[in-house]
2 protein chains.
Amino acid sequence: MHEQLENIDEILLMGPGPSCIAPSVYSALSQPTLGHMDSDFISIMDTIKENLRVLFQTDNRLTVPMSGTGSAGMETCFVNLVETGDNVLILVNGVFAQRMTDVASRLGANVDTIEFEWGTPVVTDQVRDQLSKKDYQLLCVVHAETSTGVCNPVEEIGQLLAGSDTLYIVDTVTSLGGIPVKIDTWGVDAVYSGTQKCLSCPPGLAPISFSERAIEKLQNRKNKVPNWYLDLSMIINYWEGKKRAYHHTAPVNMLYGLCEALNLILEEGLDTVFARHKKYHEALVKGIENLGLDMLVDPGSRLPMLNAVKIPDGADDAAVRNALRKEHKIEIGAGLGPLAGKVWRIGLMGHTAREENVDRFLNALGKSL
Amino acid sequence: MHEQLENIDEILLMGPGPSCIAPSVYSALSQPTLGHMDSDFISIMDTIKENLRVLFQTDNRLTVPMSGTGSAGMETCFVNLVETGDNVLILVNGVFAQRMTDVASRLGANVDTIEFEWGTPVVTDQVRDQLSKKDYQLLCVVHAETSTGVCNPVEEIGQLLAGSDTLYIVDTVTSLGGIPVKIDTWGVDAVYSGTQKCLSCPPGLAPISFSERAIEKLQNRKNKVPNWYLDLSMIINYWEGKKRAYHHTAPVNMLYGLCEALNLILEEGLDTVFARHKKYHEALVKGIENLGLDMLVDPGSRLPMLNAVKIPDGADDAAVRNALRKEHKIEIGAGLGPLAGKVWRIGLMGHTAREENVDRFLNALGKSL
């Protein structure tokens with residue numbers, strides 16, 4: 001093997017993703033490649049769909065992993081559902097909701113935003129006000145904002161849409177597999193995620209799920225989806241039905257990895273997995289506070305899997321991150337946008353959320369400050 | 001590991017891709033995941049870019065693998081270079097050129113096509129005629145048409161554009177790594193490929209390369225690229241320059257696999273690799289003819305890595321393919337479009353192009369007919 005590859009350090013991945021990968025997921029990645037139309041591979045695809053439905057808590061038949069990273073999942077939801085001139089309301093309190101506005105605008109949507117301070121959650125009353133003023137085809141929010149560590153009240157926001165024709169798009173890139181995601185109960189019409197966060201699979205796939213209402217909008221579009229690669233009206237014929245139609249060549253080995261990663265989560269049990277994230281998040285926060293540092297987000301809105309810690313006065317942001325990476329082989333994340341230089345982002349995602357990792361990190365951070 | 005994954009058969013992949021994977025590429029896929037902004041990972045990205053430039057025979061600085069399969073490479077070239085109302089000429093003699101017309105049309109291009117019989121190559125004189133009648137912003141052709149096994153005269157077609165402003169897009173999904181691809185010499189402005197053909201890496205990445213002229217068109221667009229995920233004006237800032245800017249989370253482990261696959265090709269040497277493809281293609285054709293079967297494509301236009309064999313009278317297309325798969329663990333491809341039921345597609349791509357595989361296949365086909 002190329003020497004660069006042979007000598008890769010095993011890093012404790014405690015940033016905003018990718019997260020640590022379980023040994024059996026690594027093994028799955030290197031199982032023998034099958035053809036993308038092989039019936040044995042189609043059985044594996046069926047297992048993946050079934051297990052994704054459990055994770056998303058949905059009966060949606062269109063529940064599949066897209067052949068791209070989490071951002072391709074975002075692109076998929078918007079490009080399939082936005083038609084030129086659609087009114088789209090996006091609730092912005094971080095980088096990933098900002099990205100939504102860029103994606104939707106490029107597709108010809110009329111985008112309105114409501115902005116909230118970074119590090120604080122969306123305020124449902126402000127959303128209610130805006131919805132009473134104007135009709136929207138789409139309302140979009142990020143469940144777990146990876147740039148700030150805030151959990152947005154997606155269930156409450158969804159309740160505002162009861163009985164309306166507005167479709168509800170939710171980003172669950174960082175939440176899926178770490179906290180409950182119940183898209184049918186919450187009235188979500190289109191959802192996307194990524195594999196490299198709480199699913200603990202390497203980056204490269206984007207699970208999505210569309211409700212029947214969303215499929216109906218897709219099927220009644222005036223124009224074709226302006227993106228052949230992500231057009232779900234064709235992709236569904238590869239992932240569903242008795243006779244599968246070739247669309248593009250699926251990323252076979254990445255899908256093996258996802259299959260195994262989902263399997264591990266379901267074997268452990270969703271509730272146990274969520275409790276484990278919560279438990280080690282609490283241990284981490286306690287340790288952070290013991291070191292005299294502060295969390296960015298108020299306790300009521302904190303995500304367990306993404307912990308934004310305020311960089312204390314006098315600490316050198318990059319120097320501390322470099323010391324952790326070089327001396328302790330631990331990766332943490334820098335702040336993004338207005339939070340650059342102000343916070344560190346400590347991930348406890350999926351396989352990373354374990355006692356020994358919290359201890360090792362707190363010990364290393366103490367030495368590096 | 002999930003039992004479906006533990007028991008995957010090792011199949012001899014002799015279809016239109018994916019192809020067989022070398023053991024060290026499988027090992028590379030399961031090396032420890034690094035963060036997508038980690039300096040060790042950025043070194044691996046740099047190696048990949050350098051090696052892709054050798055494969056494409058180019059000095060283009062914008063030479064990177066996109067985070068999607070080969071079809072995402074096609075989408076990338078069109079979505080970055082097509083502006084609404086552009087005149088686009090597409091030379092069609094198979095499924096993948098047809099796909100180009102669909103992709104370009106969805107992006108608002110005025111698409112003209114010249115159609116050639118499937119199984120025959122593009123006729124350069126007809127292209128010259130059409131170019132004399134109308135100005136085109138883009139001229140597009142598939143080098144190695146995977147649906148028919150035809151090699152198109154991409155060098156000659158490129159010569160028609162000397163001194164013109166027309167940008168030249170070439171699909172090298174199946175040709176790259178199997179026959180010479182010299183994009184600078186041929187005057188190609190945008191090229192894309194896939195990993196699962198002659199590069200012998202699992203599907204999931206799409207190497208692309210853009211000339212300076214193509215980058216100039218991208219930078220002078222009237223509107224933003226209508227696809228955030230594939231917007232090269234942002235992606236270049238992640239793959240190039242001293243300070244890398246986060247765009248999306250790169251598919252880290254897939255890139256390890258690609259790095260190793262490129263490494264193997266360059267270690268063997270490009271000329272040796274091309275000669276190997278030619279040698280075992282000739283052995284295959286001889287064996288096919290000894291069995292009394294005929295090739296679809298005339299010898300002068302045949303691809304070495306994709307061999308379309310006419311299904312003989314009396315043979316049951318699906319039954320023969322099933323027997324090969326079930327009894328002999330060999331995958332071959334069915335015909336597509338107008339060639340469905342009329343040809344089998346036998347791949348000799350990358351690691352698959354070896355004597356023992358040709359022998360095993362010919363023996364199995366003889367028994368299955």
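Trainee: Which residues of β5(A) are buried on one side, and which on the other?

Mentor: Some conventions come first. This is a predicted model, in which local features need pLDDT of at least 70, side-chain atom pairs count only at pLDDT 80 or more, and totals for chains, interfaces and linings use all residues. Residues are numbered from 1 along each chain as its sequence is written, while chains are lettered from A and ligands numbered from 1 in the order in which they are written. Helices (H or I, at least four residues) and strands (E, at least two) are DSSP runs, numbered from the N terminus. A residue is buried if 20 or more other C-beta atoms, placed from the backbone, lie within 10 Å of its own; it is exposed if 12 or fewer do, and partly exposed in between. In β5(A), A:Leu138, A:Cys140 and A:Val142 are buried on one side, and A:Leu139 and A:Val141 on the other. Five of the five residues of this strand (residues 138-142) are buried, so β5(A) is largely enclosed by the rest of the structure.

Trainee: Over how many bridges does β5(A) pair with β3(A)?

Mentor: Two strands pair if DSSP finds at least two bridges between them. Strand β3 (residues 87-92) of chain A pairs with β5(A) in the parallel sense over three bridges, and A:Ile90 stands opposite A:Cys140. Five bridges join β5(A) to the parallel strand β8 (residues 167-171) of chain A; here A:Val142 faces A:Asp171.

Trainee: What is the strand order in the open sheet of three strands in chain A?

Mentor: The order is β11-β14-β13, with antiparallel pairing. The edge strands, β11 (306-310) and β13 (333-334) of chain A, each pair on one side only. β13(A) is joined to β14 (residues 343-347) of chain A by two bridges, and A:Gly333 stands opposite A:Arg345.

Trainee: How many residues of each chain take part in the contact between chain B and chain A?

Mentor: Two residues are in contact if their C-beta atoms, placed from the backbone, lie within 7 Å. By that rule, 62 residues of chain B touch 62 residues of chain A. The largest share of the side of chain B that touches chain A, seven residues, comes from α11(B).

Trainee: What rotation superposes chain B on chain A?

Mentor: Copies are superposed by least squares on the C-alpha atoms of residues with pLDDT of at least 70 in both. A rotation of 180° with 0.0 Å of shift along its axis brings chain B onto chain A (RMSD 0.0 Å). That is the relation of a two-fold axis. In chain B, the C-alpha nearest the axis belongs to B:Gly68, 2.6 Å from it. Moreover, 100% of the interface residues of chain B are also interface residues in chain A, so the copies meet through the same surface.
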